Amino acid sequence: HHPMALLEPNEQVVARMLAQGLTNEQIAALLGFADKRTISRTNGQIYAAWGLDAAGADEKVARTRAAIIVHSGRLIAWSSTGAASVRDVSGEWVAWEAT
């Protein structure tokens with residue numbers, strides 16, 4: 001279950017650009033939007049789809065975690081203590097060890 005499959009096509013584009021380190025202003029300009037608010041709303045939809053809004057993380061943490069998800073190609077859940085988990089082959093959440 002690839003995390004990008006949970007996103008709409010426009011959200012996938014924004015997620016990839018976010019993972020490249022682009023700012024909301026840069027993403028908006030590249031996509032032809034007049035201001036960054038459209039991108040901010042799209043970011044919120046991405047965070048919601050991936051459960052990043054439920055972790056109580058601020059925008060910077062959610063953005064960083066979204067970039068990690070894009071680069072890892074795996075849906076990752078973070079606990080309130082910051083411990084990261086991924087689903088194993090049986091669908092159980094297990095501790096994630098980045099490689």
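What covers the buried residues of H2? The structure here is a predicted model, so to speak a computed one, in which local features need pLDDT of at least 70, side-chain atom pairs count only at pLDDT 80 or more, and totals for chains, interfaces and linings use all residues. Residues are numbered from 1 along each chain as its sequence is written, and side-chain values use heavy atoms, with hydrogens and water left out.

Helix H2 spans residues 24-31; helices here are DSSP runs of H or I with at least four residues, strands are E runs with at least two, and numbering starts at the N terminus. Asn24, Ile27 and Ala28 are its buried residues, where buried is under 20% relative accessible area, exposed is over 50% and partly exposed lies in between (1.4 Å probe, protein chains only). The cover over them includes helix H1 (9-19), helix H3 (37-49) and helix H4 (59-72). On the other side of H2, Ala29 and Leu30 are exposed. After H2 comes Gly32, with a positive phi near 85 degrees.

Now for H1 and H4. Ala15, Arg16, Leu18 and Ala19 of H1 meet Arg63, Ala66, Ala67, Val70 and His71 of H4, contact being heavy atoms within 4.5 Å.
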